[in-house]
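Dear colleague,

Please read them alongside the sequence.

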Amino acid sequence: MRKYELIAPCHFGMEAVLKKEIIDLGYDISLVEDGRVTFLGDEEAVARANVFLRTPERILIKIAQFKATTYDELFEATKAIPWEDYIEQDGKFWVAKAASVKSKLFSPSDIQSIMKKAMVERLKQVYKVSWFDEDGKSYPLRVFLMKDEVTIGLDTSGESLHKRGYRKLVSKAPIAENLAAALIMLTPWNKSRILVDPFCGSGTFPIEAAMMAANMAPGMNRSFTAEDWTHLVGRKIWYDCMDEANELVNLDIDVDIQGYDIDEEIVKSARENAVLAGVDKLIHFQQRPVANLSHAKKYGFIITNPPYGERIGDKDVLPELYREFGAAYQKLDAWSAYVITGYEDVEKYMGRKADKNRKIYNGMMKTYYYQFMGPKPPRADQGKH
């Protein structure tokens, strides 16, 4: 089997979670950088990483790395790459995204067009043609420049991996599915513990938690660009990977996962999303304002993304909203709360300082993940709660 170096970009601040996921999947890490983790794997790893990893944005096959401080250097180094090993003669190829940090070459559009020209020149010589129809399989590329070091990756995923295929209906400012999964993984929550999201929106936190509880692979209900690249990753590998994913699913479990929202229409769309994800039997959704947040049992978890007045709601209503949230949380005996928000007065209303506070970029917005930790349940009770 062919050996690859694979790059998995992720949300800034989530590298450690992704690294652990990759190791748990059975692959060796070669590099951890801001916003991405590089690891070693074979053809099977390309399929399994796409299907099973919950936290990355996409999986790239690392094609090349070189230094370039001028556009001539970029052109020549790109042209020297054996593109014919990857791209078939009728393939459609393009640089889907170029990003540059602290580099002399900083214009994404110039980087994209010069690299495309260099690839065309190379492939014209190899395939002995003067024109490419580009009406075959798709080969999107992604390029990162960091301090004049150019890294080129072939995008095996296509649509971003946060698109699991279940979220057809969204609330106004939904959290990305892969970020929601990573935030859940940063908590000690497991399927034997209660989980409530009092601002559930389109249901992302409860659905991701239910998928984890049922051992349901996030990519089992979608397709990937590399499925067409039979010369790079055999079709049978994808079939075997999907079979593995299907065999691991266990919906016959007893869980307490709940999602509340004040908006009845949004609750309805969260339910529909859960049906599409195949986990509707595992989640209880309900229209309920945060002031009515309560639970009879101890040692539960709140994991939530409340409004914070950027794209949704109005800043004026936030103090009252967070005051109600804080008051309800304080009545929950021995519960933990994990809150991702851009609102800065959270601790004031929660009635205590967060045990941990982590800066996270949600899209381009700077937010904080406040972690209010409750006590651990006694050992004998752990299975019950």
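Predicted model: local features only at pLDDT ≥ 70, side-chain atom pairs only at ≥ 80, totals over all residues.

How many bridges join strand β2 to β3, and do the two strands run parallel or antiparallel? Strand β2, which covers residues 28-33, is joined to β3 by five bridges, and the two run antiparallel. Within this pairing E33 stands opposite R36 of β3, and in the hairpin that β2 and β3 form, where two residues lie between the strands, G35 takes a positive phi near 80 degrees.

Strand β3 also pairs with β1 (residues 3-9), through seven bridges and again in an antiparallel arrangement, and here A8 is the residue that stands opposite V37 of β3.

Turning to the helices, α3 (residues 71-79) packs against α4 (residues 108-127) at an angle of about 40 degrees, the axes being 8 Å apart, and the crossing of α3 past α4 is right-handed. On the α3 side the contact is made by Y71, L74, F75, T78 and K79, while α4 contributes residues including I111, I114, M115, A118 and M119, together with charged ones such as D110, K117, E121 and R122. Taken over both helices, the residues of this contact divide into eight nonpolar, two polar and five charged.

Terms used
Residues numbered from 1 in each chain as written. Heavy atoms only, no water. Pairing = 2+ DSSP bridges. Helix = DSSP H or I, 4+ residues; strand = E, 2+ residues; numbered from the N terminus. Axes fitted to C-alpha atoms, helices over the stretch in contact; angles between N-to-C directions. Left-handed = near helix turned anticlockwise from the far one by under 90°. Contact = heavy atoms within 4.5 Å.
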